[in-house]
Amino acid sequence: MQRPRLDPRTKLALQAALAVAAFEHTTPRGLAVTTALVGVAVLAVGVSPVGLLRPYVVLLPFLVAGPLFAVVRLRPPWLVLGDAVTPALAGYRTVVLVTAGALYVRTTPVRESEAAIQRLLPGRVGRLLGIAVGLVFRFLPLVRRELSATRNAMRVRLGTEQPVHERISRLLIGTLTRTLRRADRLGLALRARCLSWNPTLPEIRFSWVDAPGLLVAAALVAWTVL
Amino acid sequence: MSTEFESVDPVGEEVVGNLARTALFAALMGGFAYVSFPNPFAPGIPVTLQVLGVFLAGIMLGPLWGGFSLVVYLVAGAVGVPVFASGATGLGTLLGPTGGYLLSYPVAAAAVGLVVHRGPTLRSLGDTSTALLVGGMVLGTLVVYGGGVLGLVVFGGYGFAGAVSAGVVAFLPAEGLKIAAAVGIVRSDAITAA
């Protein structure tokens with residue numbers, strides 16, 4: 001039997017409530033509560049937190065620089081260690097929220113998110129956003145491959161010897177021309193397939209497992225507001 | 001699959017065309033997150049193309065669809081499409097120290113588009129003076145860095161001076177290069193003909 005899974009809308013509500021609570025309670029006690037909740041979720045999903053957070057190493061310099069800039073003074077007493085507390089707590093809050101976001105991404109196929117967006121956002125804006133996100137997912141690998149192929153072609157022709165702004169222009173003129181041409185073909189293909197405002201979406205449905213999730217989200221919001 | 005028992009309501013031709021351009025521009029922004037060039041002003045900090053993508057979205061798609069394209073980019077990243085730098089994804093990335101830059105992108109694209117097209121409707125780029133193009137992109141740069149500093153203060157817990165030192169000073173000189181590149185791109189025959 002398939003394991004019961006949370007509806008993507010419940011997961012989005014949990015993330016939003018967690019973010020609101022973490023911002024309101026950026027204290028050691030508050031962050032202990034949000035960490036415990038995210039910890040339970042990591043255990044329930046059964047992923048390694050290290051593997052989960054590896055792509056976010058790019059944020060590390062900003063997390064380290066915050067406390068550093070806060071403690072250093074340009075005149076005596078040169079260092080005020082107490083001022084590192086606020087940015088350090090904010091940095092830790094980022095780690096908690098990024099982990100929650102990464103868990104959502106790990107457990108939710110883009111197709112389900114697309115359906116959730118189209119159901120959560122009312123009207124045509126939600127439809128357009130859902131369709132566009134799906135298209136980004138499909139075209140991103142192609143765009144990345146093309147950019148990398150163009151750069152390789154420039155490199156072997158000694159393009160690296162040119163000034164940077166000329167290299168950027170050269171890379172982008174080709175890429176943009178291809179993108180605009182591809183957009184015209186895509187538009188034609190979408191019209192040929194009768195793109196409609198009321199497409200058949202993949203089914204997402206609330207089940208009994210969503211009840212505790214929504215309760216936790218409500219409790220987090222109540223903790224923030226009350 | 002869920003079934004809807006109603007007649008098909010087709011999306012209009014103009015909207016479909018704009019939607020295709022919008023989505024492909026958002027995908028292009030995702031591609032730009034993985035491209036960097038050496039920085040002649042600060043060798044340790046590579047020049048990335050995302051801010052240039054923001055300028056071009058406003059210039060090529062106009063304020064409305066350009067801004068929407070960047071909203072699509074952010075939502076795609078939030079739900080797990082690896083469009084941000086280093087493949088970072090999820091809502092948490094938007095609420096981290098660099099979230100201010102990302103969240104400012106739609107506003108910046110709309111601002112660039114509004115200045116360059118002198119209003120919400122698209123005009124031919126051939127009629128736009130270079131001064132207006134540059135002015136629009138300078139405004140876009142201000143919006144992105146203003147958002148970035150605000151993000152470092154609100155999400156990162158930085159003080160204002162620390163946020164400006166860490167988030168603006170080292171990165172700003174390279175923006176001139178991007179503006180020069182964008183003018184070259186917009187004025188090229190290939191783009192004018194497309």
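View 1. W78(A) is partly exposed, with a relative accessible area of 49%; partly exposed is the class between buried (under 20% relative accessible area) and exposed (over 50%), using a 1.4 Å probe and protein chains only. This is a predicted model, in which local features need pLDDT of at least 70, side-chain atom pairs count only at pLDDT 80 or more, and totals for chains, interfaces and linings use all residues. Residues are numbered from 1 along each chain as its sequence is written, chains are lettered from A and ligands numbered from 1 in the order in which they are written, and side-chain values use heavy atoms, without hydrogens and water. W78(A) is not a glycine, yet its phi is positive, at about 65°. Look for this residue in the loop between α4 and α5 of chain A; helices are DSSP runs of H or I with at least four residues, strands are runs of E with at least two, and both are numbered from the N terminus.

**View 2. The cis peptide bond at P77(A).** Here the bond from P76(A) to P77(A) is cis, and its omega is near 15°. P77(A) sits in the loop that links α4 (60–71) with α5 (85–107) of chain A.

**View 3. The two domains of chain A.** Domain 1 takes in 8–108 + 205–225, while domain 2 covers 121–192; such bounds come from an automatic or database domain assignment. Between the C-alpha centres of domain 1 and domain 2 of chain A there are 33 Å.

**View 4. R118(B) in its loop.** Another positive phi, about 50°, belongs to R118(B), which is not a glycine. You will find R118(B) between α4 (99–116) and α5 (130–154) of chain B, in the loop. Its relative accessibility is 42%, so R118(B) counts as partly exposed.

View 5. Chain B holds 8 helices and 2 strands, in the order α-β-β-α-α-α-α-α-α-α from the N terminus. Its C-alpha atoms fill a box of roughly 60 × 45 × 25 Å along the principal axes. Of its 194 residues, 60% count as buried. Take the contacts (heavy atoms within 4.5 Å) in chain B between residues at least 6 apart in sequence: 68% of them join residues at least 24 apart.
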